[in-house]
Amino acid sequence: MPLTFADKDTDHVITRIGGGSEVRQHLADMGFVAGGSVKIVSSINGNLIVSIKGVRVALSNEMAQKIFV
């Protein structure tokens with residue numbers, strides 16, 4: 001399921017990253033890779049703040065929908 005539908009404050013394992021090659025590379029550069037762990041810290045109007053590798057990252061709804069857990 002896309003990260004936008006995942007539960008808040010729960011660790012999730014990334015199963016795959018969708019989108020074009022540039023989008024996948026951009027997300028990989030930020031630490032979003034298959035097998036990695038991600039936790040949703042907060043959600044405001046569909047946009048997310050997530051914790052990945054000990055760092056908080058803000059994601060637009062569009063980008064979050066490309067991350068599957």
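The questions and answers below go from a single side chain to the strand pairing.

Reply: This is a predicted model, in which local features need pLDDT of at least 70, side-chain atom pairs count only at pLDDT 80 or more, and totals for chains, interfaces and linings use all residues. Residues are numbered from 1 along each chain as its sequence is written, and side-chain values use heavy atoms, with hydrogens and water left out.

Me: Is His12 buried or exposed?

Reply: His12 has its place in strand β1, residues 11–13, where a strand is a DSSP run of E of at least two residues, numbered from the N terminus. Buried means under 20% relative accessible area and exposed over 50%, with partly exposed in between, using a 1.4 Å probe and protein chains only. Because its relative accessibility is 11%, His12 counts as buried.

Me: At what distance from a polar atom of the His12 side chain does the backbone oxygen of Asp7 lie?

Reply: The side chain of His12 also reaches the backbone oxygen of Thr10, at 3.3 Å. For the backbone oxygen of Asp7, the distance to a polar atom of that side chain is 2.9 Å.

Me: Which residue is the bridge partner of His12 in β3?

Reply: Strands pair if DSSP finds at least two bridges between them, and β1 pairs with β3 (residues 37–44) in the antiparallel sense over 3 bridges. Within β3, the bridge partner of His12 is Val38.

Me: Which residue in β4 stands opposite Ser42?

Reply: β3 and β4 (residues 47–52) pair in the antiparallel sense over 5 bridges. In β4, the residue opposite Ser42 is Ile49.

Conventions
Helices (H or I, at least four residues) and strands (E, at least two) are DSSP runs, numbered from the N terminus. A polar contact is a pair of N or O atoms within 3.5 Å; within protein, one must be able to donate a hydrogen and the other to accept it, and residues adjacent in sequence count only if both atoms are side-chain atoms.
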